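Reader: I would like a close look at one part of this model. Please take the ligand site, then set it in its surroundings.

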Amino acid sequence: MAGPSSSQDRAGAILSIDLQALVENWRLLKSRCAARDTGAVIKADGYGIGAVQAAIALKAAGCATFYVAHLDEGIAVRAAIGPGPRVVVMHGPNRGTEADFAAHKLIPVLNTPQQIAGWRKYAEAADLLSESLVHVDTGMNRLGLTATEFADHMAGDGFYGLHPLALMSHLACSEMNHPLNENQRRRFADMLVMFRAKFPDAKASFTNSSGIFLPPAYHYDFARPGVALYGVNPTPDKPNPMLPVVRLSAKIIQVRRVDQASSVGYGATVLAPDGAKLATVSIGYADGLPRSWGAGGRGFIDGIKAPVMGRVSMDLVIFDVSAVPDSSLFPGALMEIIGTHTTVDDAATAAGTIGYEILTSLGGRYHRHYLPAKA
Ligand SMILES: *Cc1c(COP(=O)(O)O)cnc(C)c1O
């Protein structure tokens with residue numbers, strides 16, 4: 001009798017994650033970056049691939065600073081990697097959570113006057129010389145002190161008692177040739193001069209993935225690359241220098257030959273001609289494949305293109321496999337969704353979105369297969 005089935009047997013689709021490619025991508029960014037510390041942003045579960053697995057692989061390769069968005073992400077990463085590397089929580093402390101930062105040795109980014117005041121009060125009461133990053137806005141209007149708030153803090157004793165590891169800001173247009181880049185860099189440089197007059201040892205953190213491909217003046221001390229680590233092209237106008245990290249293939253459940261020209265899928269949005277061959281595949285929007293991907297999406301079987309037919313359902317997608325030989329079409333055969341022929345960026349373009357959203361939507365029903373990094 002056969003034994004119990006494996007998760008790979010049971011799953012509708014297989015997500016394979018190449019941790020060696022992740023490590024090589026980090027090394028490439030590090031080699032191109034003038035920063036003394038090229039870290040890794042592993043927020044949103046490591047852009048969907050697994051924050052803990054990413055952190056363990058990158059720590060072994062020498063990465064010393066990790067960035068997450070939420071406190072709980074930081075707590076999980078700290079538990080997985082032990083006490084050595086820095087773990088920076090970019091959203092900073094929610095009210096009343098300051099003690100958790102100290103307990104898990106997490107470094108808060110202080111984004112607002114309220115976070116600064118809360119952290120100061122806590123750090124003074126706990127007699128704690130704990131590090132923090134101070135975030136200033138230089139042209140995005142998202143997070144960070146405004147120029148006025150920064151000037152007020154510098155003029156008064158707003159930063160008194162803090163031990164800032166670094167002044168930080170974030171680029172809004174780094175993947176583009178945009179005048180805001182240089183604008184932001186100048187504003188940041190000016191604020192940094194003021195900041196260092198008070199805190200001579202303070203470092204600076206400015207660049208994300210794409211900023212590493214801007215001149216070295218953008219790199220500063222602590223670099224914060226995210227998306228490029230996971231294989232998305234940080235230089236959209238040029239060939240992608242990064243290695244692919246994720247591959248996604250979904251299983252064919254049923255293959256049919258259309259007897260008579262007829263419509264396909266919900267809403268009957270497309271017509272399959274007489275004799276067309278269709279494959280119904282076990283992946284859908286509940287797995288994070290956007291509904292909008294249906295419009296331009298395509299899969300590949302043995303390198304042969306199979307366009308999506310009609311709408312993406314919750315759990316299923318129908319492909320036109322008329323060009324694929326019958327010998328390759330059987331229940332369980334794998335349709336490549338992301339891989340050798342379709343990159344994450346291609347899938348994003350087909351869905352009218354960006355690689356970030358494709359990655360962070362990667363679903364929870366996939367069988368996840370990790371290819372280990374070399375020791
Ligand atoms: C997400 C994020 C990053 C990483 O950006 P990528 O474009 O993914 O490299 C860096 N810094 C901040 C503040 C972020 O929010």
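How far does a polar side-chain atom of Tyr-356 lie from an oxygen atom of the ligand?

Author: That distance is 2.6 Å. Taken alone, the ligand exposes 390 Å², and the protein buries 92% of that. Accessible areas here come from the Shrake-Rupley method with a 1.4 Å probe; for residues, only the protein chains shown count as cover.

A word on the basis. This is a predicted model: local features need pLDDT of at least 70, side-chain atom pairs count only at pLDDT 80 or more, and totals for chains, interfaces and linings use all residues. Residues are numbered from 1 along each chain as its sequence is written, and side-chain values use heavy atoms, without hydrogens and water.

Back to the ligand. Tyr-47 places a polar side-chain atom 2.6 Å from a ligand oxygen. For Ser-209, the distance from a polar side-chain atom to a ligand oxygen is 2.5 Å. A polar contact is a pair of N or O atoms within 3.5 Å; within protein, one must be able to donate a hydrogen and the other to accept it, and residues adjacent in sequence count only if both atoms are side-chain atoms. There are 14 residues around the ligand (a heavy atom within 4 Å of it). Lys-43, Tyr-47, Ser-209, Val-227 and Tyr-356 come nearest.

Next, helix 4, residues 51-61. Helices (H or I, at least four residues) and strands (E, at least two) are DSSP runs, numbered from the N terminus. Ala-51, Ala-54, Ala-55, Ala-57, Leu-58 and Ala-61 are buried in helix 4. Buried means under 20% relative accessible area, exposed over 50%, and partly exposed in between (1.4 Å probe, protein chains only). The cover over these residues includes helix 3 (43-47), helix 2 (19-32) and helix 5 (71-81). Strand 3 (40-41) and strand 4 (65-68) are also among the covering elements. Gly-62 follows helix 4, with a positive phi near 110°.

Now helix 7, where Arg-120 lies. The Arg-120 side chain reaches the backbone oxygen of Tyr-160 at 3.2 Å. Beyond its neighbours within four places in sequence, Arg-120 is in contact (heavy atoms within 4.5 Å) with Asp-157, Gly-158, Tyr-160 and Leu-162. Ala-126 sits in the loop between helix 7 (113-125) and strand 7 (131-135). Its relative accessibility is 35%, so Ala-126 counts as partly exposed.

Finally, the whole. The protein has 12 helices and 19 strands. Of its 375 residues, 51% count as buried.
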